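Some notes for your read-through of this model. Please have the coordinates open as you go through the points.

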Amino acid sequence: QNALRLKPDYPEAYIGIAKLHQEKHNSEAAEKAIRKALELEKDSPEAWNLLGGILMEGGYAAKAEEAFRQALAIKPMHQGALNGLG
């Protein structure tokens with residue numbers, strides 16, 4: 001939150017916030033934060049991968065697959081996305 005006060009358009013801060021919410025099993029807040037990160041940086045394979053994980057945990061396998069494939073389109077050998085598809 002401090003990073004966002006200093007730099008409101010900082011996608012990495014939203015990725016960190018999404019991870020924290022995901023760890024606390026707050027998928028709605030996690031998805032909201034990661035989608036904000038993607039608004040700011042649509043070509044972030046890390047953000048797409050995290051979105052895939054959040055969606056998978058929420059039971060949205062088809063949407064998760066789309067997110068993992070988007071991460072791979074940006075970074076073809078992204079290990080997290082490859083694992084997510086597996």
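1. Start with helix α3, residues 27-40, in this predicted model. At 1.5 Å a residue, its 14 residues should span 20 Å. The end C-alpha atoms are 20 Å apart, so expectation and model agree.

2. Which residues of α3 are buried? They are A30, A33, I34, A37 and L38. These residues cover an arc of only 140 degrees around the axis, so they sit on the same side of α3.

3. The face directed away from the buried side carries exposed residues: E28, K32 and E39.

4. The cover over the buried residues of α3 includes α2 (11-23) and α4 (45-57).

5. Next, the largest nonpolar core. It has 23 residues, and those touching the most other members are I15, I34, W48, L50 and L51. The elements that contribute two or more residues are α2, α3, α4 and α5 (61-74). Of these, α4 gives the most, with six residues.

6. Look at I15, in helix α2. Is I15 buried or exposed? Its relative accessibility is 12%, under the 20% cut-off, so I15 counts as buried. Leaving out residues up to four places away in sequence, I15 touches I34, A37, S44, A47 and L50. I34 and A37 are also among the buried residues of α3.

7. Finally, L51. Setting aside neighbours within four places in sequence, L51 contacts E31, I34, R35, L38 and A67. I34 and L38 belong to the buried set of α3.

Definitions and conventions. Residues are numbered from 1 along each chain as its sequence is written. This is a predicted model: local features need pLDDT of at least 70, side-chain atom pairs count only at pLDDT 80 or more; totals for chains, interfaces and linings use all residues. Side-chain values use heavy atoms; hydrogens and water are left out. Helices (H or I, at least four residues) and strands (E, at least two) are DSSP runs, numbered from the N terminus. The expected span of a helix is 1.5 Å times one less than its number of residues. Buried means under 20% relative accessible area, exposed over 50%, partly exposed in between (1.4 Å probe, protein chains only). The arc is that of the directions from the helix axis to the C-beta atoms. Contact means heavy atoms within 4.5 Å. A nonpolar core is a set of buried Ala, Val, Leu, Ile, Met, Phe, Trp, Tyr and Cys residues joined through side-chain atoms within 4.5 Å.
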